[in-house]
Structure formats: C-alpha cells, structure tokens
Amino acid sequence: MRLFVDSSDIQAWKKWLPTGVFYGVTTNPLLLRESNVACQTKSIGVLSNQALRLGAKEIHLQAWGKSSDALLRTASELASIDSSVVVQIPATYEGLRAASKLKDMGARIALIIYSMHQALLALGIGAEYVTLDVGKSPSDEESKAKMCSSVQGLVRRASGTTKQLVANVLSLDELTTCLVASSPANQANSFALTPSAIGELFADKFTEDMVNEFEAAASKNNFSLFL
C-alpha cells in the first residue's frame, strides 16, 4: 500500500509526512497555484527538495505544455530534479508522444487518465504509473469505484511493472467506496489523498474518547507503590 499527500502546501506536508504513513507527494499546476508556487522548474525544484527533507520517497510532478515538444521540454526539466521524481503527463495524443520519448530517455512516467480506456494507453507505453484522477472525473461515485476496479484489473492482467495510482481522492467516503466496490484481486493499493481526506482518515471519535479515558485513568493512578 502506498499513500500520497495530494497537495503543494508545505504546511500539509509538514503535518502529515512525519507520521510515516505517506510514501510521497503528488502535485500539479492547479495545486501549485492554490499554494502560490510559480509553475516554473526552479520553484518546483525548491519545493521538491523540501518534500524530500520531510521524508517523501517519491514526488509526482505534472508537466505542462500544449504541444508534445513543450511537454517534453518541461517534463525533462522536472525529471532532472531528482531520481525520486515521477513525471505526470496527460493521456492525450500530444502527451503520449512526449511520454514515449521521455521514457526512452530513462525518465519515470505516470500517465494521467480520466476514463478506463485510457489505461490501455499507459500500459501500451509501459508507464510506471497509470494515475486515475477520481476527484475530477465526471462520473458518479459508484462509477468511479467501478472504474478503479476495472483499471486495476487491466493492470493486473498486463503482468507488467505498471501500477495504478488513484489520485485526487477528496474524502474518506470516496476512498472506502473505491476499496469496498473492488474484488480483492482488482483492488487498487496506491492512493493520493487531499489534506481534507487525510484529516478524515486520521479522525476517529471513539478512539479519541478512549485515549482521553486512558489518560484520565493514568493521571489518577500515578502514585508509587513499593513492596
């Protein structure tokens, strides 16, 4: 199981990465804008170094550009930041052209998809990840869950090295729906969660109440007993 913090917010990284639960971070130009980080390689490099210092083992960075040449240029710059960087590229015609060239150069690739048939494209070029963006998918919750399962089934049957990453998970309900709706054989095991979803994942009122009871008992029973 690999979990990622889906955010460009350093404060979110500082809060959640030290827990040891998360394998790394994922980001894109929209998240960079929300965190007031310039969509430039130099700024993203500085940001990536902070993630590594906080314990991230893998950083997923999205390339940008309208043409395959523009995508290849920004993707190459992002890949050069660190060996832990996985470059995310949209599953478009121009994106596939850039991704195949980038893979030939030895870069690590994740293909971003929004529908099941696009997973075939990621498998076709041998991408390291097929990244299913469920948060922005136009499908309803049930359809998203079925798509997670179907994509994982394709990945499993391909018997290659490609992994599915279910990204932009917006809530705990969305996460559990993806898990429960899948058969064990087709269950995704890598998820990128938004900070709000992570907050829900860590919150459990019953556990908090029990901890308070334990602490109260400990504070009332802290005398020394010598036999």
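With which residues is I89 in contact, leaving aside its neighbours within four places in sequence? They are A63, A75, G95, A99, L102, I109, A110, L111 and I112. The model discussed here is predicted.

**Nonpolar cores**

- The largest nonpolar core comprises 55 residues, and I89 and F191 are those with the most contacts inside it.
- Helix α7, which spans residues 141–158, gives the most to this core, with five residues.
- Another core, of seven residues, lies apart from the largest one; A110, Y129, L165 and A192 are among its members.

- V87 is located in strand β4 (residues 85–90). Its relative accessibility is 0%, so V87 counts as buried.
- Not counting residues up to four places away in sequence, V87 touches L61, A63, A75, L78, A79, L102, R108, I109 and A110.
- V87 and G135 are separated by 48 residues in sequence, and their C-alpha atoms are 19 Å apart in space.
- H60 belongs to strand β3 (residues 58–62). H60 counts as buried because its relative accessibility is 0%.
- Beyond its neighbours within four places in sequence, H60 is in contact with F4, V25, T26, T27, V86, Q88, A110, Y129 and L165.

**Salt bridges**

- Side chains of opposite charge can pair when their charged atoms come close.
- The structure holds five salt bridges. A network of salt bridges links R2, E58, R108, E128 and K163.
- R2 pairs with E58 in a salt bridge whose closest N and O atoms are 3.7 Å apart. This pair links distant parts of the chain, with R2 in strand β1 (residues 2–6) and E58 in strand β3, 56 residues apart.
- E58 also forms a salt bridge with R108, and here the closest N and O atoms are 2.6 Å apart. These partners are 50 residues apart and again link distant parts of the chain: R108 is in the loop between α5 (93–104) and β5 (109–113), and E58 is in strand β3.
- A salt bridge likewise joins R108 to E128, with 2.7 Å between the closest N and O atoms. R108, in the loop between α5 and β5, and E128, in the loop between α6 (118–125) and β6 (129–133), are 20 residues apart, and the pair links distant parts of the chain.
- R2, with a relative accessible area of 25%, is partly exposed.
- R108 counts as partly exposed, at 23% relative accessibility.

**Cysteines**

- A disulfide is a covalent bond between the sulfur atoms of two cysteines.
- How many disulfides does a search of the whole structure find? The search finds zero.
- C39 counts as partly exposed, at 33% relative accessibility.
- C148 has a relative accessible area of 1% and is buried.

**Backbone**

- Most residues other than glycine have a negative phi.
- N36 is not a glycine, yet its phi is positive, at about 60°. N36 lies in the loop between α2 (29–34) and α3 (41–53).
- N36 has a relative accessible area of 73%, so this residue is exposed.
- N168 is a residue other than glycine with a positive phi near 60°. N168 is placed in strand β7 (residues 163–169).
- The relative accessibility of N168 is 10%, which is under the 20% limit, so N168 counts as buried.

**Surface**

- Which residues make a nonpolar surface patch of about 230 Å²? The patch is made by V21, L201 and F202.
- F202 is part of helix α9 (residues 195–202).
- F202 counts as partly exposed, with 38% relative accessibility.

Definitions and conventions:
Residues are numbered from 1 along each chain as its sequence is written. This is a predicted model: local features need pLDDT of at least 70, side-chain atom pairs count only at pLDDT 80 or more; totals for chains, interfaces and linings use all residues. Side-chain values use heavy atoms; hydrogens and water are left out. Patches are made of residues with over 30% relative accessible area and no salt bridge: like charges are joined within 9 Å, nonpolar side chains (Val, Leu, Ile, Met, Phe, Trp, Tyr) within 5 Å. Accessible areas come from the Shrake-Rupley method with a 1.4 Å probe; for residues, only the protein chains shown count as cover. A salt bridge is a side-chain nitrogen of Lys or Arg within 4 Å of a carboxyl oxygen of Asp or Glu. Helices (H or I, at least four residues) and strands (E, at least two) are DSSP runs, numbered from the N terminus. Buried means under 20% relative accessible area, exposed over 50%, partly exposed in between (1.4 Å probe, protein chains only). Contact means heavy atoms within 4.5 Å. A disulfide is a pair of cysteine sulfur atoms within 2.5 Å. A nonpolar core is a set of buried Ala, Val, Leu, Ile, Met, Phe, Trp, Tyr and Cys residues joined through side-chain atoms within 4.5 Å.
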